[in-house]
Number of protein chains: 2
Amino acid sequence: MLTLFHHPMSAACRFVRIAFGEYGEELALIEEMPWSRRKEFLALNPAGTLPVLLAEGDVPIVGATVIGEYLDETRGVLKRERRLFAENPMDRAEIRRLVDWYLGKMESEVTRHLVRERVLKPLMPNAAGGGSPDSTAIRAARANIRQHLKYTNWLAGTRHWLAGSRITYADLAAAAAFSVLDYLGEVDWRDNAAARDWYMRVKSRPSFRPLLADRVRGLAPVSHYADLDF
Amino acid sequence: MLTLFHHPMSAACRFVRIAFGEYGEELALIEEMPWSRRKEFLALNPAGTLPVLLAEGDVPIVGATVIGEYLDETRGVLKRERRLFAENPMDRAEIRRLVDWYLGKMESEVTRHLVRERVLKPLMPNAAGGGSPDSTAIRAARANIRQHLKYTNWLAGTRHWLAGSRITYADLAAAAAFSVLDYLGEVDWRDNAAARDWYMRVKSRPSFRPLLADRVRGLAPVSHYADLDF
């Protein structure tokens, strides 16, 4: 069994967990506090970021998209119609664009800020940057969610899955990001029926179940977080 | 010939230009102002970011790493010992980690800030965020360069090329980022002989020549920018 250094409220880490789950492969999870900069962890990844996978031979594979590519090269290619990636280079580029959208653009405009202000800061020691949440950062992130939800709603209304007719990494990345925000009650699904329906479909998959059981200290999820019919 | 929407002072765009250059393939370049948010450009890439490649059939391929993967899948695999990527999944993961380092981490800690404050702001209309440079942002970015230069010096001193014995995307990404900073005279090569020697080797390649001819309006490069023996 491979090992993943992760944090439960990291969208990038959730993406990796769902991907392994889809391929029916269990991961040993080690929770790493993103701010701690432990020496042993920095030796695996000098950038100090999550996730890090310890692959065969305990070689560290660093970062969600890099792990996703590794997983595709070592497992995905053998999965035929269950592969979470396309065969065609153009279709692969579209999947990668969307993974970057949700784990890059949305992360830096929305997810990272809400997680830092609402989840991490209350747990962090003051010396590491802990303390009261910054309400300006929260407001800005909340204003940005709407655009991402609207774009997802458009994609989900246009295509069966976000990158086309099959479930792919694009869906996993988007669902990973939205699931973190949904835990925090930050997603207003009401006017976005296509996005809501798409999220319900991803959320109902067995690979998603472990994420719905995640809890962070001192912060319970909103009541509908684990409901499959919300 | 394929078309690249780019900006000369974008490390991500430079990475793509060098990669195509290494494979001996010319690109038609269209300069796009990163702040302009032109309708026609947003139709190609709703994120509004650079670079965007118009691939075969004018299909837009969005983002430097996505274009890099596309280029490898459609050209690289045929290049044998001239391929800019490895064959082995573990080695590929290391190359991708370093590309993310230079075009992600270094970009967000250093490159983006210095380019925005020193190159773009003087050209941008006030309504788009133009105006006087923010000296705090410049100071912070300058403090961060040192760590990246030190890390690169360590890599270049340990391995012949940054990801191993052959030149790869990792070198192209790092050289693209450093070349932007070098244009601005922001890199102090003096105490980093291994990094300097490595950069000189990349800079001497024919694929790099067009970048050394790049000029931005109102800002000449430092005197050693285009010197092959600096």
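## Arg38 and Glu40 of chain A

A:Arg38 counts as partly exposed, because its relative accessibility is 34%, where partly exposed covers the range between buried (under 20% relative accessible area) and exposed (over 50%), computed with a 1.4 Å probe on protein chains only. The partner of this arginine is A:Glu40, with which A:Arg38 forms a salt bridge whose closest N and O atoms are 3.6 Å apart; the term salt bridge denotes a side-chain nitrogen of Lys or Arg within 4 Å of a carboxyl oxygen of Asp or Glu. A:Glu40 itself counts as exposed, because its relative accessibility is 54%.

## Basis of the model

This is a predicted model, in which local features need pLDDT of at least 70 and side-chain atom pairs count only at pLDDT 80 or more, while totals for chains, interfaces and linings use all residues. Residues are numbered from 1 along each chain as its sequence is written, chains are lettered from A and ligands numbered from 1 in the order in which they are written, and side-chain values rest on heavy atoms, with hydrogens and water left out.

## Salt bridges within helices

Over all chains, the structure holds 46 salt bridges. One of them joins the side chains of A:Asp197 and A:Arg201, at 3.6 Å from N to O. Both residues belong to helix 7 of chain A (residues 193-203), where A:Asp197 and A:Arg201 are four residues apart, about one turn of the helix; helices (H or I, at least four residues) and strands (E, at least two) are DSSP runs, numbered from the N terminus. A:Asp197 is partly exposed at 38% relative accessibility, and A:Arg201 is likewise partly exposed, with a relative accessible area of 23%.

In chain B, the side chains of B:Arg97 and B:Glu94 meet in a salt bridge at 2.9 Å, N to O. These two residues lie in helix 4 of chain B (residues 89-120), three residues apart, which is again about one turn of the helix. B:Arg97 is buried, with a relative accessible area of 10%, and B:Glu94 is also buried, at 19%.

## Annotated domains of chain A

An unreviewed UniProt entry places "domain: GST N-terminal" at residues 1-79 of chain A, and UniProt positions are given in the numbering used here, with feature names shortened and annotations that may be inferred rather than shown by experiment. That span is 37% helix and 20% strand, and its end C-alpha atoms lie 19 Å apart.

For residues 88-222 of chain A, UniProt lists "domain: GST C-terminal", also from an unreviewed entry. Here the chain is 64% helix and 0% strand, with the end C-alpha atoms 40 Å apart.
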